[in-house]
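Here are a few friendly notes to read alongside the model. Have a look at it first, then work through the points below.

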Amino acid sequence: MRMDWIRPMAGVAIVDFTFKPDGDKTVVTWAMYGKNGFLGKLVSLFMDCDKMVGPQFEQGLADLGKTVTAAPAAK
């Protein structure tokens, strides 16, 4: 997935989801990567990107889990 950043500075990141079977469950992880110039590297020393977007991705993964385990809708 493509993530366009506006703040704290403009940029583009790529987000990957990985699905790995683990017994009768599936482990879902996400990673984000992209180009990071000098200014971006400097800002990353003071700002934690995982704290900025991590909770939203965690909530999305939790919602995905609820959707997958929900009973199918009656037709």
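**Notes on the pockets and core**

1. The largest pocket has a volume of about 510 Å³. A pocket here is an open set of points on a 1 Å grid over the protein atoms alone, where a 1.4 Å probe fits, with protein on both sides within 12 Å along at least five of seven lines; lining residues have an atom within 4 Å of a point. The volume is the space filled by probe spheres set on the points, which are joined across faces, edges and corners.

2. This is a predicted model, in which local features need pLDDT of at least 70, side-chain atom pairs count only at pLDDT 80 or more, and totals for chains, interfaces and linings use all residues. Residues are numbered from 1 along each chain as its sequence is written, and side-chain values use heavy atoms, without hydrogens and water.

3. Mean pLDDT (the predictor's confidence in each residue, from 0 to 100) is 83 for the protein.

4. Back at the largest pocket, 22 residues form the lining, and Trp5, Lys35, Asn36, Gly40 and Cys49 lie nearest its centre.

5. The second largest pocket, with a volume of about 160 Å³, is lined by Phe19, Thr26, Val28, Leu61, Leu64, Gly65, Val68 and Thr69.
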